[in-house]
Amino acid sequence: MADNAVIVGAGVIGLATAYRLAQDGLEVTVVDGADGESGASVHNAGWIVPVLSAPVPAPGMVGQALRWMTRRDSPLYIRPTPCPEHVRFMASMLRYCRPGPFQHGVAALASLSERAVPLFDRYAADGVRFEYHRTGQLMAFQTLEAMRRYQAATAPMERIGHPAVPLSGDELRDLEPALGRQVRAGLRCPQERHLDPVDLVRGLRDRCRELGVRFLQNSPVTDIRLRGRAVASVLAGGEELGGDLFVLTAGAHTGRLARLAGCPLPVQPGKGHGFDDTGGTVALRHSVYLGEAKVAVSPLSDRLRFAGTMEFGSFDTAVDRRRLAGIVRSAQEFLPGFSPGSAPRGWTGLRPMTPDGLPVIGPLPDKDNVLVASGHCMLGVTLAPVTADVVSAYVAGGRQLSEIAGAVRPFAPRRFLSGRSATTAGSPAASR
């Protein structure tokens, strides 16, 4: 059993993990290259949506992406780039855009997502302070065909208690009068939640500090020092940090860190855009998914948050005004009363993507004391507390790990190593 842990990455996954390990009695240090309030963990819709837990690589995705290649404001865009790592990643993702791998991923994510909402309810009860809404979610569509596709896609989540109930356009407008007449059908998902992601990050960080977690911010990890099959220390901000256990939770930067530790992982950025509107031209009671546009809208206490688009091959955080304008146009198609006034000030977030669309959670192969918790694609908020529980089980080992071994096997980092079976290794901490 480890006595102390170094967590590399202070995003929502890293903070949730720090919180859980501190509750387990470990001495925890969290190190991050930024200030803790930037990146994908705060730049997202803030949705807790097991009903939308499906891998990004899906049947038909490639064809749709090719049709959208000429549109820089499209919901999905693959930027042409000669970077070999990007080319390999996209080629690998292509192999998972088949019905078999997709259905495997849906089943795996459903199992992982099942406890997401109860764990967030527990956060609120345990004194983690954050803005939290239990009003459910609506999905709005301009065509019956689009609604039926999503109805079929969300059907597997009904078995874990997350139904999607079909509604007519008029029934949707009874719930959300701001939706326009062109919305013809929709789905009501009563068990979904949404929150303010900035608030969640702050609340988790404050709660971690109350539990004695140490934070080292604005200190990027520049080296990982090995001793045989174990990591001895990480060098961050000029400080050398030793520990019994190291957990890599650095989002889109996890691939580089895993390489420093001796085992590279295919985690690449998927760039999302969004903006916050404080003008109050429309009011919403539920989080709303604008189906054909693939735009998420979250009503928060002081603003309306819009998030959307996925761009592969972009490795910076610069805002593309064309993609931002595309989100605004889509919002106005579904919400005719919406007016952002002047051009909105946008933000971006680099989502940590994997070729198969599944998170990477578990022991880093051939390392005795390193765990990885990354690659959550667009489900980082949804899966943060669940992921922290899985990390806790790996650290504890024994019965606690054996009880979840089957459920977490699809997420093992070992699956990306050629010539090795994708089996779940034992607890790194317990094996020392």
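Because the model is predicted, local features need pLDDT of at least 70 and side-chain atom pairs count only at pLDDT 80 or more, while totals for chains, interfaces and linings use all residues. Residues are numbered from 1 along each chain as its sequence is written, and side-chain values use heavy atoms, with hydrogens and water left out.

Let us begin with the open sheet. Helices (H or I, at least four residues) and strands (E, at least two) are DSSP runs numbered from the N terminus, and two strands pair if DSSP finds at least two bridges between them. Here 6 strands line up in the order S10-S2-S1-S14-S21-S20, with mixed pairing. The edges belong to S10 (214-216) and S20 (360-363); each has a single partner strand, so one side of each is left without a neighbour in the sheet. From one strand to the next, the twist averages 15 degrees. Axes are lines fitted to C-alpha atoms (for helices over the stretch in contact), and angles run from 0 to 180 degrees between N-to-C directions.

At the S10 end, strand S2 (residues 27-31) pairs with S10 in the parallel sense over 3 bridges, and Val30 stands opposite Phe215 in S10. Helix H1 (residues 12-23) packs on this sheet, touching strands S1 (4-8), S2, S10, S14 (245-248) and S21 (370-374), where touching means contact, with heavy atoms within 4.5 Å. The direction of H1 makes about 170 degrees with that of S1.

Now move across to S21. How many of the residues of S21 are buried? The count is 5 of the 5, so S21 is largely enclosed by the rest of the structure; buried means under 20% relative accessible area, exposed over 50% and partly exposed in between, with a 1.4 Å probe and protein chains only. As a general rule, side chains in a regular strand alternate between the two faces of the sheet. In S21, Val370, Val372 and Ser374 point one way and Leu371 and Ala373 the other way, and all are buried. S14 and S21 pair in the parallel sense over 3 bridges, whereas S20 and S21 run antiparallel and are joined by 4 bridges. Val372 is the bridge partner of Leu248 and also that of Gly362. The hairpin of S20 and S21 has 6 residues between the strands, and in this hairpin Asp366 takes a positive phi near 65 degrees.

Another enclosed strand is S19 (346-353). In S19, 8 of the 8 residues are buried, so the rest of the structure largely encloses it. One side carries Gly346, Thr348, Leu350 and Pro352, the other Trp347, Gly349, Arg351 and Met353. S19 runs antiparallel to S15, to which 8 bridges join it; Pro269 stands opposite Pro352.

Next come the aromatic rings. Rings of Phe, Tyr and Trp (its six-membered ring) pair if their centres lie within 6.5 Å; planes under 30 degrees apart count as stacked, over 60 as edge-to-face and the rest as tilted. The count comes to 11 aromatic pairs. Phe89 and Phe312 form a tilted pair, 6.4 Å centre to centre with 40 degrees between the planes. Phe89 lies in helix H3 (residues 84-95) and Phe312 in strand S18 (residues 304-312), so the pair ties together parts that are 223 residues apart in sequence. Phe89 is buried at 3% relative accessibility, and Phe312 at 1%. The ring centres of Phe275 and Phe338 are 6.3 Å apart and their planes are at 25 degrees, so this pair is stacked. Phe275 sits in S15 (residues 268-277) and Phe338 in the loop between helix H10 (321-334) and S19, 63 residues apart. Elsewhere, Tyr19, Phe120, Tyr123, Phe130 and Tyr132 form one aromatic cluster.

Finally, consider Ala116, in helix H5 (residues 116-125). Ala116 is buried, with a relative accessible area of 0%. Leaving aside neighbours within four places in sequence, Ala116 is in contact with Ile48, Pro50, Thr382 and Val386. Pro50 is 66 residues away from Ala116 in sequence, yet the C-alpha to C-alpha distance is 7.3 Å. Val386 also belongs to the residues closest to the centre of the second largest pocket, along with Arg115, Asp389, Val390 and Ile404.

Terms used:
1 Å grid on protein atoms, 1.4 Å probe; cavity = no way out; pocket = protein on both sides within 12 Å on 5 of 7 lines; lining within 4 Å.
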